[in-house]
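Me: Got a model open here. Can you walk me through it, strands to begin with?
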Amino acid sequence: MITVEKLVKKFGDNTVLKGIDLQVNEGEVVAIIGPSGSGKSTLLRSLNLLESPESGTIEINGVKVTAPKISKEEAYQLRQQTAMVFQHYNLFKNKTALENVTLSLISNNVMSKPDAEKLGLKLLDEVGLSKQKDQYPITLSGGQQQRVSIARALAVNPKAILLDEPTSALDPELVNEVLETIEKLAKGQTTLVIVTHEMSFAHKVADKVIFMDNGVVVEAGKPDDIFTNPKEARTKQFLKEYL
Ligand code: ADP
Ligand code: MG
């Protein structure tokens, strides 16, 4: 469903992605792990063309683009395939929980306001926030805000959801409610690509784990293989520090 080939991204003369190959099948949950600065966020952001790669191809759900020459129309089509969940939620502060979920549906004329609200309420219910539908982000806990942003991502019915360290900004006691929400999603049909430092979560929930270091995929495989029997020295070293 997602195929990335030879993806290269530079910031100035710093080559941050050094020819990444990646494959994600429909319905799969893929966890990307690796040290800070290894290029995990840049890879995720490139899938959404929030970053413009130097070269390589990205194909999602049949929409294929080849960097660096990507037309506006191609970029639009590719972005339609995914939704992103950020570390810092990025909710609109002057919109209620429900409005945050329905905003893009209404403003892009995807559906009527009543239909969007019906869907929004259903999604807020799925993330356990029906009661909070009329609350503004500032009155919600970090975990609740992140669950609103997950509902917002689901609202556009993307082929895949890209989550960049969705629990890293949360107080420890709020991490689990968000992981549980993601785990529920993972059990459904949604394809998930999640950058995370929650190793036991990745082990439990992911179908595939990708270890990145210094702009390359060092090792990829089933969680049991990566976590209990890593082959590469760099993977072993990283996991020793994290587990
Ligand atoms: P990770 O998410 O694995 O911590 P990032 O993808 O954020 O890593 O960053 C990879 C490298 O790219 C780092 O060296 C970082 O400093 C650099 N980088 C990321 N974003 C930018 C940017 N907008 N401008 C310049 N350098 C950047
Ligand atoms: Mg990052």
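Me: How do strands S4 and S5 pair?
Reply: In this predicted model, strand S4 (residues 55-60) and strand S5 (residues 63-67) run antiparallel, over 5 bridges. Strands are DSSP runs of E, at least two residues, and helices are runs of H or I, at least four residues, numbered from the N terminus. Two strands pair if DSSP finds at least two bridges between them.
Me: Which residue faces Ile60 in S5?
Reply: Val63 stands opposite Ile60.
Me: And what does Asn61 do in the hairpin?
Reply: Asn61 takes a positive phi near 50°. The hairpin has 2 residues between S4 and S5.
Me: Quick check on numbering and confidence?
Reply: Residues count from 1 along each chain as its sequence is written, while chains are lettered from A and ligands numbered from 1 in the order written. As this is a predicted model, local features need pLDDT of at least 70 and side-chain atom pairs count only at pLDDT 80 or more, but totals for chains, interfaces and linings use all residues.
Me: OK, the open sheet. What's the strand order?
Reply: The order is S6-S7-S8-S3-S9-S10, 6 strands with mixed pairing. The edge strands are S6 (82-85) and S10 (216-221), each pairing on one side only.
Me: How do S9 and S10 run?
Reply: Antiparallel, with 5 bridges joining S9 (residues 208-213) to S10. Val209 is opposite Gly221 in S10.
Me: Where does helix H5 lie?
Reply: H5 (residues 142-155) lies across S6 and S7 (160-164), at about 175° to S6. Axes are lines fitted to C-alpha atoms, for helices over the stretch in contact, and angles run from 0 to 180 degrees between N-to-C directions. Contact takes C-beta atoms, placed from the backbone, within 7 Å.
Me: Ile161 next. Why does it count as buried?
Reply: Because Ile161 has 23 C-beta neighbours inside 10 Å. The cut-offs within 10 Å are 20 or more other C-beta atoms for buried, 12 or fewer for exposed, and partly exposed in between, with C-beta atoms placed from the backbone. Ile161 is in strand S7.
Me: What does Ile161 touch?
Reply: Thr82, Ala83, Val85, Ala153, Thr190 and Leu192, leaving out residues up to four places away in sequence.
Me: Switching to ligand 1. Which residues surround it?
Reply: Phe11, Val16, Gly34, Ser36, Gly37, Ser38, Gly39, Lys40, Ser41 and Thr42. Near means a C-beta atom, placed from the backbone, within 6 Å.
Me: Which helix gives the most to that shell?
Reply: Helix H1 (residues 40-47), with 3 residues.

Key
Contact = placed C-beta atoms within 7 Å.
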